[in-house]
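Here is a set of questions and answers on one structure. Please look through the sequence and the coordinates first.

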Amino acid sequence: MLSPTILIPAVLNGLLTGAVYALVALGLTLIYGVLHIINFAHGALLTAAMFAAYFAFHVLGIDPYIAVFIVAPAFFALGYGLQRFVIGPASHGDDRNMLLVTLGLAVVIENVLLFAFRGDTRTIDVPYTFQSIDIGFTFLAVPRLVGFGAVFVVALTLWLIMGFTDTGRAIRAVAKEKLGAQLAGIDVAHIYAVTFGLGTACVAIAACLLIPTYYVNPSAGDAFVLVAFTIVVLGGMGSVPGALIGGLVIGVVESLSSLFLGESLGQIGIFLIFIVVLLVRPQGLFGAKA
Amino acid sequence: MSNKKIPFSRRQFLATTALGAAAAAAGSIAMPSVLRAAGAPVKLGVLHPVTGALSYSGTQGRLGAMLAIDEINAAGGIKSLGGAKIDPMLGDAQSKPAGGVAEVEKMNSAGVSCIVGGYASSICLATTQAAARYDLPYVVDVGVSDSIIKRGLKNTFRFGPGFGVIANSALDNLVAINDGAGKPAKTVMIVHEDSLFGSGVAKLLGAKLPQHGFKVLESIAHPTPTRDFNTIVLKIKAQNPDLVIPADYYNEYVLLARTMLQQHVRPKGIYSVLGGAASSYKFVKEFPEAAKGIMDCNHWFNPLSDKAQALKKKVEGKGQFFTYEVYLNYSCVGLVADALERGASPDRAKLIASLASSTWSGHVMPYGPTKFVNGQNQGAVPCNTQVQDNDIKVLLPKKFANAKPIFPIS
């Protein structure tokens with residue numbers, strides 16, 4: 001089992017899987033890390049976006065990699081609207097209320113999807129689904145490689161937005177000191193909604209990258225969210241590079257632990273790391289001081 | 001909360017509900033005998049998990065049952081009851097045993113003569129028992145767990161095969177197919193989901209395959225859902241077995257087959273037992289390349305029956321896939337209608353007697369005439385299928401076969 005012929009492909013595979021985790025976590029780290037909203041609706045939004053990508057392909061015949069340019073802005077608008085008109089007003093500024101509102105949203109979204117599309121599992125068949133690149137000792141699936149590359153592009157874009165634009169500065173200001181930001185003339189409700197929208201757009205991109213190799217049913221997104229929360233804590237709340245590195249680390253840990261411990265116990269590795277990070281470095285790998 | 005808020009005492013509550021139950025019972029027994037002379041409809045409970053995790057299967061099951069009811073009613077209803085129509089009472093088990101039991105209670109109060117359905121073993125175990133309290137006949141549509149019919153419940157009938165029969169057939173048929181091809185497969189890897197179903201299959205095969213000369217290299221368990229099958233496929237690749245035996249639900253089965261294709265892992269055969277996607281028209285249609293050559297031992301209709309082919313056309317005409325839930329439920333409703341016809345009574349006790357003595361052959365399954373022993377249809381057998389030419393063909397039993405096995409596939 002320790003032979004490099006299986007170990008190296010397992011690590012590579014972990015990196016490819018981790019990239020998608022990272023993308024889901026990027027959205028969450030903005031919402032959870034910056035706004036301190038524990039967004040239980042993240043998984044349901046991922047599912048909704050996967051359905052959007054599925055129907056874009058199935059009904060309109062748009063390839064998921066092109067559909068991302070429609071689905072992501074649409075989900076930005078959806079996220080913006082949700083925060084501005086539902087989560088924000090309904091929670092009256094209380095973090096605990098936000099948690100419950102997002103939990104409620106998750107239930108509503110999942111059940112609307114179930115009602116509309118039944119529990120049926122759907123998949124799409126694009127020409128490149130089974131394409132893989134032979135690198136000698138293993139094969140790397142093309143759609144997963146595309147996902148891997150796209151994650152870096154998204155992370156870089158987000159990092160640039162956060163670091164070098166007025167919106168990014170405003171987001172960071174709101175995260176640090178809400179009242180102060182408001183006094184400085186920042187429209188806090190707007191910035192909250194923009195951040196939520198960005199997080200939701202990340203999820204939409206993840207959905208478009210996932211759909212060529214994964215499947216969608218009304219609870220498909222749930223599988224990714226718990227892992228994403230772990231990554232956010234591991235990488236540091238609100239840290240874009242943290243989410244990226246965290247995602248890749250968790251992907252490799254999961255791959256290796258399922259190799260050595262078996263699939264059923266593979267998840268243990270992830271949560272052991274989670275506990276160790278909380279004990280040793282609670283602010284995460286890249287997190288600022290708590 | 002203060003006691004004052006409870007308007008009823010326990011005694012009062014019991015008294016009123018007992019009165020209500022008595023009234024309902026009196027109603028269901030006394031009223032129909034007056035009305036039925038004019039061919040009053042017979043109420044039939046149609047119970048499936050149409051919401052929750054099992055909703056797809058449940059909806060398919062309901063579709064099959066409703067198709068049968070519509071056909072029977074259109075053909076003049078139950079003739080021995082003056083052309084009585086079957087009046088379906090639909091129930092949703094919500095993919096939970098408790099949800100199923102609640103529906104049984106409702107159906108009993110509404111005075112149904114019989115219940116058909118349940119789908120999952122866990123639901124069927126609970127619903128048959130709940131129905132037994134009222135001596136309410138219950139026809140299990142799928143539920144393969146053998147404990148369903150081993151509890152001595154007089155009201156419970158299972159039309160399809162149980163797990164023991166399926167597993168033994170799967171084993172015998174695998175040996176037959178392998179021997180027929182000159183024993184190309186010697187080593188096996190089992191990939192199974194880690195709940196009762198997958199682990200049960202793995203345990204049984206793991207114990208019995210070596211007796212037939214196969215070497216089981218490894219048995220890999222994984223949870224449902226599993227997001228990624230690459231690690232499992234790497235393990236398969238490293239050990240290079242002749243045969244891969246998956247025992248998974250639909251989603252994981254699809255992911256496994258697709259990942260194997262992506263990683264260029266092509267064993268001599270993929271052979272599954274009750275495989276989630278192996279004998280699914282949906283899978284074959286969506287991923288013909290990944291499905292090619294996969295063999296399965298599962299519930300399957302009789303491909304040589306004209307009635308079955310007509311039903312298949314009808315279901316596909318509705319834009320639905322012809323899954324086993326459809327034709328099993330279709331047949332179960334037919335079984336009940338036949339028992340009503342012969343017994344000439346919607347009375348529950350008479351219906352139970354009539355079901356127990358059933359020798360019905362008007363169904364679409366490769367079972368022969370029905371014969372129930374302790375509630376189990378003795379002729380019920382699974383079929384061995386293989387995906388060939390973008391279609392699913394039956395290999396065994398020979399009597400119903402419409403193709404020969406292609407093995408090894410690579």
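Q: Where does B:Pro397 lie, and which residue does a cis peptide bond join to it?
A: B:Pro397 sits in the segment after β14 (391-396) of chain B. This is a predicted model. In it, omega of the bond is about 0°. The cis partner of B:Pro397 is B:Leu396.

Q: Which residue is joined to B:Pro408 by a cis peptide bond?
A: B:Pro408 is found in the segment after β14 of chain B. Omega is about -5° for its cis bond. The partner is B:Phe407.

Q: What is the phi of B:His264?
A: B:His264 lies in the loop between α8 and β9 (269-273) of chain B. The residue is not a glycine, yet its phi is positive. The value is about 55°.

Q: How many contacts beyond four places in sequence does the model have for residues 19-37 of chain B?
A: Over residues 19-37 of chain B, pLDDT stays under 50. Where pLDDT is low, predicted coordinates should not be read in detail. For residues 19-37 of chain B, the number of such contacts is ten.

Q: In chain A, which element has the highest confidence?
A: The mean pLDDT of chain A is 88, and 98% of its residues reach 70 or more. Confidence in chain A is lowest in strand β1 (residues 132-134), at a mean of 84. The highest mean is 94, and it belongs to helix α2 (residues 42-58) of chain A.

Q: What ipTM does the model score, and how many residues of chain B are in contact with chain A?
A: The pTM is 0.79 and the ipTM is 0.80. On the chain A side, 25 residues take part in the contact between the chains. On the chain B side, the count is 30 residues.

Q: What distance separates the centres of domain 1 and domain 2 of chain B?
A: The domain assignment gives domain 1 of chain B as 13-161 + 305-377. Domain 2 of chain B is 164-298 + 383-400. Taken over C-alpha atoms, their centres are separated by 32 Å.

Q: How many residues does domain 2 of chain B give to the contact with domain 1?
A: Domain 1 of chain B gives eight residues. Those eight divide into six nonpolar, one polar and one charged. The number from domain 2 of chain B is ten.

Q: Roughly parallel or roughly antiparallel: how do α5(A) and α10(A) run?
A: Helix α5 (residues 142-164) and helix α10 (residues 240-261) of chain A have axes that come within 9 Å and cross at roughly 160°. Angles over 145 degrees count as roughly antiparallel. The two helices, α5(A) and α10(A), are therefore roughly antiparallel.

Q: Which residues of α10(A) meet α5(A)?
A: The crossing of α5(A) and α10(A) is right-handed. The contact residues divide into eight nonpolar, no polar and no charged. From α5(A) come A:Val151, A:Ala155, A:Leu158, A:Trp159 and A:Met162. From α10(A) come A:Val240, A:Pro241 and A:Leu244.

Q: Which residues of α11(A) make the contact with α10(A)?
A: The axes of α10(A) and helix α11 (residues 266-280) of chain A are 6 Å apart, at an angle of about 135°. That makes α10(A) oblique to α11(A). α10(A) gives A:Ile250, A:Val253, A:Glu254, A:Ser257, A:Ser258 and A:Leu261. α11(A) gives A:Gly266, A:Ile268, A:Gly269, A:Ile270 and A:Ile273.

Terms used
Residues are numbered from 1 along each chain as its sequence is written. Chains are lettered from A and ligands numbered from 1 in the order in which they are written. This is a predicted model: local features need pLDDT of at least 70, side-chain atom pairs count only at pLDDT 80 or more; totals for chains, interfaces and linings use all residues. pLDDT is the predictor's confidence in each residue, from 0 to 100. Two residues are in contact if their C-beta atoms, placed from the backbone, lie within 7 Å. Axes are lines fitted to C-alpha atoms, for helices over the stretch in contact, and angles run from 0 to 180 degrees between N-to-C directions. Helices (H or I, at least four residues) and strands (E, at least two) are DSSP runs, numbered from the N terminus. Angles under 35 degrees count as roughly parallel, over 145 as roughly antiparallel, 65 to 115 as roughly perpendicular and the rest as oblique. A crossing is left-handed if the near helix is turned anticlockwise from the far one by less than a right angle, and right-handed if clockwise. Ala, Val, Leu, Ile, Met, Phe, Trp, Tyr, Cys and Pro count as nonpolar, Asp, Glu, Lys and Arg as charged, and the others, Gly among them, as polar. Domain bounds come from an automatic or database domain assignment.
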